[in-house]
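This report looks at a few local features of one protein model, taking them one region after another. Please keep the sequence and the structure in view while reading.

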Amino acid sequence: MVLLTVSILLIGDMFGLIPSEKGAVLDARKKLSESPAVQFSAAINMKDIDVIVMSIDAMVDRNDDILSAALINASKEVLISSGEHDRHWMENPDDRSSATHILVPIFIGDERWGTVQLRFSPLPKDSLFGLSIDSIILLVVFVAISGFTGYFLLLRRILRYLAPSSVVPERVKKAFSVLAEGVLIMDENEKIVAVNQSFIPNVGRVGENLLGRTVSDFNWIQIDENDSAEALPWLHAMETRKTLTATALMLDTPMGVKTFMVNVTPILDEKNSKSRGALATFDDVTLMEKRNTELNMALKMLKLSQQRISEKKRELEFLATRDTLTGSLNRRAFLEAFETAFVQAQEQGTRLSCIMTDIDHFKSINDRYGHAAGDKVTKTIAGLLQSKSRDVDVVGRYGGEEFCIFLPGLDLDKAWEVAERIRTVIETSKQMLLSSQAPITASSGISSLAFSAMDPLELVNQADKALYVAKDNGRNQVVKYSKAVRGYSQLKKDSPQTSTETLTPSTTNASRGDSGSDAEHGRELLALQKRIKDLENAVSLGSDELQHQSLHDKLTGLPNQALFLDRVQQAIRRCRRTKGIIAVLSIGIDRFSRVNKSMGPLVGDQLIKKISKRLESAVRKMDTISTGSMDEEGSTVSRFGGDEFNILLSDLESAESVTLVANRINEVLSNSIELDEKKYFFTVTIGISLHPHDGETPNILIRNAVAARSHARELDMGGKYQFYSDDLNRDIESSLQIESQLHSALDNDEFLLHYQPKVNSHSGGIIGMEALLRWHNPETDFMVPGQFIPIAERTGIITSIGRQVLRMACMQARAWLDQGLLAGHVGVNLSALQLREDDIVLQVIEALEEARLDPSYLDIELTESAVIADFDSSVKKLNELRAHGVTISLDDFGTGYSSLSYMRELPVDTLKIDRSFIQNITVAADDLAIVTSVVALAHNLGLKVVAEGIETPEQRTQICRMNCDGIQGFLFSKPVPASEATLLLKSEHLGSVSLAEVS
């Protein structure tokens, strides 16, 4: 630096930049001397000596710097003098001018005539180092400007060589810059010594030099507004010399406010006793936070609509089992119920009977009075059958005008009494009168287990044969099944003209003729009528068969393309009303053409039949994915020809349900198919399209499903499935990936607990800790609970995770007690699935015993929806837990059912008011009124109240005014690892409210 300064001075002097007073005086004397030289030369030429005399006198008198002056000729004789020149002038041997003795030559023409001698006063002495004060100021200014420029250039070059980044190899710089996370390295004073490219755009323009800037000077926004600047994670890490992970922090950037998950590792000295700086990484989770908020909102909406969906599902199940006209069970539901009763009667050795009832002359009623009258008769008789049956009897409409009843516990005679009572009521009922003519009647046939029926259908057929006899012998009768009935039916089948005299029915019509031609004529007429009816039925069956063939595949019997399109169209119309989801699956049998070529089309056809049956079984077993029931007229599986099948799934609860069907299809076809002692193995490729996401018409949905299947085959995804929507496909793949990782997470101890304190609203002392689950996924680092908890609940893994959480929380509570820290309880959340487990009480007790923890230190937190799902069972289990000393808290109160009747019965100690009511408590009068009422209600019921989500001092003050028992939120602490929670417990309080603030 000294050399640089000296160099600046020398350079300034070299170029005359350093000002000098002597130089200025000499310059002035030179100019003053040149002027008389010209003047005196002119005067000599004009021989005007007087002018010279006057001029010399004037120069001496007017210029203080001139002491004397004289004019001498060439012979050095003094011609004129002024100002005691003889005393002041001293001759210079060299006859040269000096600073005080100036010789001015005078010429006439080219010859020197004489000389003017001017005696000047001595030169002034410099005030400092030879310079005057003014010169010093000029010198200082010059040196300052020159020095600043020189020093700046020098220091800049030095810093360039001394910068930390300059010693980092280029390949390391490139690797450092490619990281997606922003990375900073700072010294102990928060000065940036290294930064990668990912962080720079967050605080300025790309290319801006951030080295040397203080990290705290950026526009950081504390998530907890009450936190001080010391709460910044790198300051805390350097102070405690401990690594901090997953700390949320916001930054106001040129692109808007962003949220980061910050991880900080302190850089320690060699003795690990002092922090020399820190390395911080900034992971941008802004989009993730936004999606989590949207997901939480969607989940809330889903919970609100869950009850309504359940009610609609029950209504649909009821409608699916009921006949729309009469309200009786339809044929399929009746036979299912009958089969259960039949098996039970056989296993227990009890009695069981069956009645088949048919309305007499029903066709003539329709022909004569119209179908509306026929429907009225059918509906009325159904009501009479139900009213005259016992509560345990089951009535079903078997088809058309036929009804079937099974009667548990009754033998043939008792069943006959019931049937006869029904016949009498129908005959005498005024409701059945359609005109002034004869009333409507009905005939019945009865059978029971006494005739060794092998299954319910055989028992129904026996009753139907008895009914046939009753109708064939005059109608309005009740006939029991017997050997005679069986023989009569066979006889009529062989020859409709056979006499009926050998039959002795149990009950006959009293109005029949006993003998004579009238009776014979009546029998012949009845036989002709029966024959006509049989022919009509044959024609009807033929027509039905033709229609069936036109809508079904001949080889497999499955619905063909025309019928499938119609069903898809119906499903779309229904879903537009219900806002549901339907799926179309296009299924191709991989490499099936090779089987046809090598084994022939006959073998291929047989294999297609077997494959179609397996597909049908796969869909039937997955019927629970649908909110509705399968169509009675046929399966949802369709064959479009060759090896191509299509499946329609309607009224789905969620798009992810389709994956269950796809996996089931792959599972049922993974087993070999045996044919002619040979085994064949097949895989399928499945394309899936969804309504309304992927199409509004059947053709578009099928086309998109086929496109998805083709795409899957192009990707060589044999045995897999592919959704048409790329976004949905990625979402479901992500969900399945998380599901797969959850299984290994338990074994690898990847789950851990963070703890958030519950604080006394006035003193600020900690009154408890809530344990909150976190997942440290090796692939994605920390995963927020909203991403994996719903998947864990849906797959049932949450129960295993819950057991581990219970043990971990109890162990941590024990550790705090051993340190003399815990002054309250530890809260553990139970899911609805955990609460439904039969041994949940035992699980809690075992966790407490394993940790040697008194039950009073454990608080079980449940949501309202988890309790209401199975209210009676939940209340019983909660009472057992309280009997052991465990306290119970109702979490998220206000977002569920919030029924006062439930509150009266629930064994709860504490209500936790949901944060959604707290957020606007200082600005929304409605929320304030709700919270005030809840606190008052809870206190009147003897319950404590904890307010969740306290984030501002104003919210805290408002809650304290209500005498709320506890508060919880980011104002005091976010959920932190156990080590940091221990530090919180060691502190006296997290924040208090004075009485002045509350009053």
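## A buried arginine

In this predicted model, R774 touches E750, F751, L752, H754, F782, P785 and P975, when residues up to four places away in sequence are left out of the list. R774 is found in strand β24, which covers residues 766–777.

Although R774 is buried, this arginine has no salt bridge. The nearest side chain of opposite charge belongs to E770, and it is 8.8 Å away, whereas a salt bridge would need a side-chain nitrogen of Lys or Arg within 4 Å of a carboxyl oxygen of Asp or Glu.

## Helix α23 and the residue after it

Just after α23 comes G796, whose phi is positive at about 85°.

## Backbone exceptions

Most residues other than glycine have a negative phi, and most peptide bonds are trans.

A246 is not a glycine, yet it has a positive phi of about 50°; its place is in strand β8, residues 244–253. N476, likewise a residue other than glycine, has a positive phi near 50°, and is found in the loop between α14 (456–472) and β15 (478–480). Is N476 buried or exposed? With a relative accessibility of 12%, N476 counts as buried, because the cut-off for that class is under 20% relative accessible area.

The peptide bond that joins H691 and P692 is cis, with an omega of about 10°. Of these two residues, P692 lies in the loop between β21 (684–691) and α21 (698–714), while H691 is the residue at which β21 ends.

Which residues make the nonpolar surface patch of about 360 Å²? The patch is made by F148, F152 and L153. F152 is found in helix α5, which runs over residues 133–162, and this phenylalanine is partly exposed, with a relative accessible area of 44%.

Note on methods: Residues are numbered from 1 along each chain as its sequence is written. This is a predicted model: local features need pLDDT of at least 70, side-chain atom pairs count only at pLDDT 80 or more; totals for chains, interfaces and linings use all residues. Side-chain values use heavy atoms; hydrogens and water are left out. Helices (H or I, at least four residues) and strands (E, at least two) are DSSP runs, numbered from the N terminus. Buried means under 20% relative accessible area, exposed over 50%, partly exposed in between (1.4 Å probe, protein chains only). Lys and Arg count as positive and Asp and Glu as negative; His and the chain ends are not counted. Contact means heavy atoms within 4.5 Å. Patches are made of residues with over 30% relative accessible area and no salt bridge: like charges are joined within 9 Å, nonpolar side chains (Val, Leu, Ile, Met, Phe, Trp, Tyr) within 5 Å. Accessible areas come from the Shrake-Rupley method with a 1.4 Å probe; for residues, only the protein chains shown count as cover.
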